[in-house]
Amino acid sequence: MQTRAAVVEAKGQPFTIAEVELDEPREDEVLVRVVATGLCHTDLTMGSFLPEEMFPHVFGHEGAGVVERVGAAVRGLAEGDHVVMSFRSCRECARCRAGMVGYCDQSLLLNYMGMRMDGSTSLNRGGSPVFGSFFGQSSLAEHALAYADNCVKVDPALDLELVAPYGCGFQTGAGTVLNVLRPGPEDSLVVHGVGAVGLAAVAAAAAERVGSIIAVDPLESRRAVAEKLGATTTLDPVTTDDVVDRLKELTGGGATYAVDTTAIPAVVKQAQQALAARGTLVALGLGAEEYAVDAIDLLQGGKTVRSSIEGDSDPQEMVPRLLAMRSAGTFPMDDLVTTYPAAEIDRAVADVTGGSVVKPVLVW
């Protein structure tokens, strides 16, 4: 079938809205009419990260829409269901069976290689392949092929434009707090970089009544949003003489936990150094090729520096959990969303990279 998609024609090129041909759903696939797609930093990064031979490419992994057709082998979904799409997992390997679906043995093939497991592409143009299947959806398009394992059925009364980001960005930030760190009222948490992922971490920490929540970001507008979501203190790293010393002062000697979303090596090192003894830092940012830790500080402080994929979340559990928190008023993320007609994707990219919006969502 013909559909419109935001195509990256070549490495490093901008998005172009173009017609592409999408395959009919196979027996294990779900055809979704995409209503809205959150624009994530990963969608922007991959366009300059993947090798030349993996273009043209359609990205998008925060899609929300309505199921139009299901393959014969699909269970649990039916035509007309409203879904939030997230990342894929095989649900069969040892890690998946243990609940660690983000670390699935087949994760690379299922989410990042631009094709199905059999090597076929679900998209083409004039018979020439267009890479897709990004996170098992490639939802920067009017229609997407997804799967039962990465489609989370949601209440049809929900506004799909507002809940699209729960498939990745909001889930990653909140999941890092709720699943990985699990801080309590006696703890302190520093979030370095409060874009969509960082602000989700702040909101989740506030919901857990974490004693001290510090948001570090150079943008005053982002710091103001962090305060609204529950940050007890904010810090401008540009105007602060010594960020590490100031954070230690604010946390009484060092933070229990920290989250970095910036992927800036110097910031990650500061985040580590500002931890208390036996503190934990989770690095979430994508973009840096390597980080340099402070080895003496790490060894003498018994600290932990780790990463997390999607906040160690299972979307089938975390998305409903976060939506329940939203309904209860303890995860108030709606105001972070700014919608754009899909044709204005370039403006959305410029606005989010420039910092004037937090979470752009494209409406198809």
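The legends below describe close-up views of a predicted model. Local features are given for pLDDT of at least 70 and side-chain atom pairs only for pLDDT 80 or more, while totals for chains, interfaces and linings use all residues. Residues are numbered from 1 along each chain as its sequence is written, and side-chain values use heavy atoms, with hydrogens and water left out.

View 1. Five antiparallel strands are arranged in the order 4-1-2-7-8. Strands are DSSP runs of E with at least two residues, helices are runs of H or I with at least four residues, and both are numbered from the N terminus. Two strands pair if DSSP finds at least two bridges between them. Strand 4 (57-58) and strand 8 (128-130) stand at the edges with a single partner strand each, so one side of each has no neighbour in the sheet. Within the sheet, strand 1 (residues 2-8) and strand 2 (residues 15-22) form an antiparallel pair over seven bridges. Glutamine 2 stands opposite glutamate 21 of strand 2.

**View 2. Strand 3 and its partners.** Eight of the nine residues of strand 3 (residues 30-38) are buried. Buried means under 20% relative accessible area, exposed means over 50%, and partly exposed lies in between (1.4 Å probe, protein chains only). Strand 3 pairs in the antiparallel sense with strand 5 (residues 63-70) over seven bridges, and leucine 31 has arginine 69 of strand 5 as its bridge partner. The antiparallel pairing of strand 3 with strand 9 (residues 143-146) runs over four bridges, with valine 32 opposite alanine 144.

View 3. Glutamate 68 and arginine 33 form a salt bridge, with their closest N and O atoms 3.7 Å apart. A salt bridge is a side-chain nitrogen of Lys or Arg within 4 Å of a carboxyl oxygen of Asp or Glu. Glutamate 68 belongs to strand 5 and arginine 33 to strand 3, so the pair ties together parts that are 35 residues apart in sequence. Both side chains belong to partly exposed residues: the relative accessibility is 29% for glutamate 68 and 34% for arginine 33.

View 4. The whole structure holds 20 salt bridges. In one of them, arginine 116 meets glutamate 29, with 2.7 Å between the closest N and O atoms. Arginine 116 lies in the loop between helix 3 and strand 7 (123-125), and glutamate 29 in the loop between strand 2 and strand 3, so the pair ties together parts that are 87 residues apart in sequence. Arginine 116 is buried at 7% relative accessibility, and glutamate 29 is buried at 1%. Asp23, Glu29 and Arg116 are linked in a network of salt bridges.

**View 5. The salt bridge of arginine 326 and aspartate 334.** The side chains of these two residues, arginine 326 and aspartate 334, meet at 2.9 Å, N to O. Arginine 326 is buried, with a relative accessible area of 19%, whereas aspartate 334 is partly exposed at 28%.

**View 6. Asparagine 111 in helix 3.** Asparagine 111 lies in helix 3 and is buried, with a relative accessible area of 2%. A polar atom of its side chain lies 2.9 Å from the backbone nitrogen of arginine 88. The asparagine 111 side chain also reaches the backbone oxygen of serine 107 at 3.0 Å. Leaving aside neighbours within four places in sequence, asparagine 111 is in contact (heavy atoms within 4.5 Å) with residues including Phe87, Arg88, Ser133 and Phe134.

**View 7. The surroundings of valine 194.** Valine 194 lies in the loop between strand 11 (188-192) and helix 6 (196-207). Valine 194 is buried at 0% relative accessibility. Not counting residues up to four places away in sequence, valine 194 touches Leu199, Val202, Ala215, Val216, Asp217, Arg222, Arg223 and Ala226. Valine 194 and arginine 125 are 69 residues apart in sequence and 39 Å apart in space, C-alpha to C-alpha.

Methods
A polar contact is a pair of N or O atoms within 3.5 Å; within protein, one must be able to donate a hydrogen and the other to accept it, and residues adjacent in sequence count only if both atoms are side-chain atoms.
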